[in-house]
Amino acid sequence: MLPTVTKGRSSSSLSSSSSRPNSTLLPYLRRIVKWQQMDVEYTFWQMLHLCTSPKVVYQHTKYHKQTKNQWARDDPAFVVICSFLLAVATLAYCAAYDHSSGHALFVVFSVLLFHFLLTGIFLATFCWFLTNSYLREEAPNSYVVEQRVEW
């Protein structure tokens, strides 16, 4: 028979720590600076196949959902590499059409921070709220696991 009481923690402290909305955000942000923990090879494979055959990427992501019960990636490699490629493209644009290097740096930072990150955060939050509030089906019986869209 399994023990029903955990030593050192009460059940209320376990539920409150897992229900925090930023419980996965901090480890995700910590992994940005640790290059060794990022799966760069899989990220480039995923970027290439998103352009050539997105069905294969969906099948791999569906398998990831079945094994880890989450749709999102664990590592921030996709965001980091996409930001890097976007910065390179913006620098190339500024080198071709801009005259000052100060303005080019301003354009790179505005593209990365405002157009990529903040717009992405706003759209992800809006779509997350919309899908979890209005587009989910309620489970007819108690045997089905409740599904929520991850942010």
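Biologist: Which residues does the UniProt annotation "transmembrane region" cover?

Modeller: According to the unreviewed UniProt entry, residues 77-97 and 104-131. Positions follow the numbering used here, feature names are shortened, and such annotations may be inferred rather than shown by experiment. The structure is a predicted model, where local features need pLDDT of at least 70, side-chain atom pairs count only at pLDDT 80 or more, and totals for chains, interfaces and linings use all residues. Residues are numbered from 1 along each chain as its sequence is written, and side-chain values use heavy atoms, without hydrogens and water.

Biologist: What is the makeup of residues 77-97, helix or strand?

Modeller: The span is 100% helix and 0% strand, with its end C-alpha atoms 30 Å apart. Residues 104-131 are likewise 100% helix and 0% strand, and there the end C-alpha atoms lie 38 Å apart. Helices (H or I, at least four residues) and strands (E, at least two) are DSSP runs, numbered from the N terminus.

Biologist: What makes the span of helix 4 (residues 54-68) agree with expectation?

Modeller: The expected span is 1.5 Å times one less than the number of residues. For the 15 residues of helix 4 that gives 21 Å, and the end C-alpha atoms are 21 Å apart, so the two agree.

Biologist: Which residues of helix 4 are buried?

Modeller: Val57, Thr61 and Lys65. They lie on the same side of helix 4 because they cover an arc of only 80° around the axis, taken from the directions from the helix axis to the C-beta atoms. The face turned away carries exposed Lys55, Tyr63 and Gln66. The buried residues pack against helix 3, contact meaning heavy atoms within 4.5 Å.

Biologist: What makes up the largest nonpolar core?

Modeller: Five residues: Met38, Val40, Met47, Ala77 and Ile81. The term means buried Ala, Val, Leu, Ile, Met, Phe, Trp, Tyr and Cys residues joined through side-chain atoms within 4.5 Å.

Biologist: How confident is the predictor, by mean pLDDT of the protein chain?

Modeller: On the pLDDT scale of 0 to 100, the predictor's confidence in each residue, the mean is 80, and 79% of residues reach 70 or more. Over residues 1-19 the pLDDT is below 50. Where pLDDT is low, the predicted coordinates should not be read in detail.

Technical notes. Buried means under 20% relative accessible area, exposed over 50%, partly exposed in between (1.4 Å probe, protein chains only).
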